[in-house]
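Subject: Structure handover, core and aromatic contacts

Hello,

Here is the structure for your files. My notes come after it.

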Amino acid sequence: MWDQLAKYKNNYLQKELKSHLSAQEINKMEEKAMHEIQSERRECNRMRRTKVGLGKPSKYFEDRSVLSYGFDTLPKLMEDLGSDDHVTRWRAITSLPEVIINPLHGQTAITTHEIVRRCANIFVKIRLRNENPKYVEMEKLLDIFLVIALHMNGGKYILRCERLIHQFYDIIRKREGSIPKVSDILSLITKDAQDVHYLQERYEAVTILAEIFGYDVCAPSYPANLWRHMEWIFEAFPHFAVDKGFFEILHTRIKNRSCKYHIFDMKCFGLLLRCSEGQKRFVAIDGIKEIYDILADTKHKLDTYEHVIYTLMTGLVAKETLWRCGELIDMLSIIMQFAKNRQEINTQLYCLQIFVILSDMPWIKRYMKENYYKTLENVKCDSKSNDKLRSELLYKLDREVYHISELRLNKRVKNTFEMDSKKENKTELETKANFP
């Protein structure tokens, strides 16, 4: 029995050596070598006068419930979640995220055991109690909500819990340490358009976010997922965001060059230009000139210009902005440099779309055809959509005004020959049918 037990240890060495040594002898040699290595390490620590104590035991199993694998695990945890004993409840809260990550257990917990409502009650009680709990229960409860938001219908259950949503925004308003996790949850539960409309209609999320960002316009930064959460909302309700003052807030942050303004602030600012009121304010502040200053600034280069180009593309709606682009002579050459970069697929797509919009102006179209036509022919595109848009742009530059209007030297003459031939064939078939 002992020989068989020794074969399980260091099985790889036993197969590689293939000597007359038994498995027990090989294991003894391995233990001796490890003991020598450990003794050398201790001597080095003594020379450096560092104390080597016993390693601290792990608290992993102390913080988790004693469970058995199977379908009885989830009911046991949900029962412990309502316990009056703090230790039992803490262990259940710590163990739940690892169990409900399984889709089967997760859906059962959401639909059958009402895990969102029960965890929300504990979460709100802890926050309203204004006490320092013995265990870090809030962080673990946020982990539970994050796992629930990953499931298909988990975000809808979280959105229905009004107290929980208000507490999430309150955490962001007070800039607590758990902002990153709350931002992750909010970005996950607002992916679908229906959820965004539900959030705005029931909670007026734009008003709450405007109060948060308006309190400190010069705040250094916010989590990336919080900006993504705002992007989902601004994409559906740009007019509400402009009315609540987000246009002025983001414009101030861009002018002050806040942290990563070209990534987060600029993308949200570009989404506000999708409504008529945003276009009017963009013309009033001469936004084209400000974007041109960012693109032409060689002293402070940015790591990416994708969202800057996107904002320029969404701002080219009013006639005033088109004329303003024509006044800035270097604008087209700068955009062409970005269009040549085939690695930045989105940036290249936005640049080509800008050229398509600007080509509606006859004199800009003539200038592009004379100076950039061959360059556009040689532009390499790694995406099919980019290549299709490039070919459409070249086709548009080739076309003249008289191709799409009535300004022709000679009017079109209808081809009546084909019509007559069809009539003759029809009469011949009728005569053959009548006189076989």
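The notes below cover the nonpolar core, the aromatic rings and the charges placed over them. Please keep in mind that this is a predicted model.

Core. The largest nonpolar core has 117 residues. Within it, I115, F145, F168 and F246 touch the most other members. For F246, setting aside neighbours within four places in sequence, the contacts are V206, L209, A210, F213, M230, F234, A241 and L272.

Aromatic cluster. F246 also belongs to an aromatic cluster, together with F213, Y222, W227, F234 and F264. Another member, Y222, has a charged residue at its ring: R175 lies over the face of Y222, 4.8 Å from the ring centre.

Aromatic pairs. The count of aromatic pairs comes to 16. One of them is Y310 with Y350, a tilted pair with 5.4 Å centre to centre and 55° between the planes. This pair links distant parts of the chain, with the two residues 40 apart. Y310 is in helix 20 (residues 306–315), and Y350 is in helix 23 (residues 345–358).

Are these two tyrosines, Y310 and Y350, buried or exposed? Y310 has 12% relative accessibility, so it counts as buried, the cut-off being under 20%. Y350 is at 16% and therefore counts as buried too.

Y310 has a charge at its ring as well: the charged end of K267 sits over that ring, 5.7 Å from its centre.

Regards

Terms used
Residues are numbered from 1 along each chain as its sequence is written. This is a predicted model: local features need pLDDT of at least 70, side-chain atom pairs count only at pLDDT 80 or more; totals for chains, interfaces and linings use all residues. Side-chain values use heavy atoms; hydrogens and water are left out. A nonpolar core is a set of buried Ala, Val, Leu, Ile, Met, Phe, Trp, Tyr and Cys residues joined through side-chain atoms within 4.5 Å. Buried means under 20% relative accessible area, exposed over 50%, partly exposed in between (1.4 Å probe, protein chains only). Contact means heavy atoms within 4.5 Å. Rings of Phe, Tyr and Trp (its six-membered ring) pair if their centres lie within 6.5 Å; planes under 30 degrees apart count as stacked, over 60 as edge-to-face and the rest as tilted. Helices (H or I, at least four residues) and strands (E, at least two) are DSSP runs, numbered from the N terminus. A charge sits over a ring if NZ of Lys or CZ of Arg is within 6 Å of the ring centre and within 35 degrees of the ring normal.
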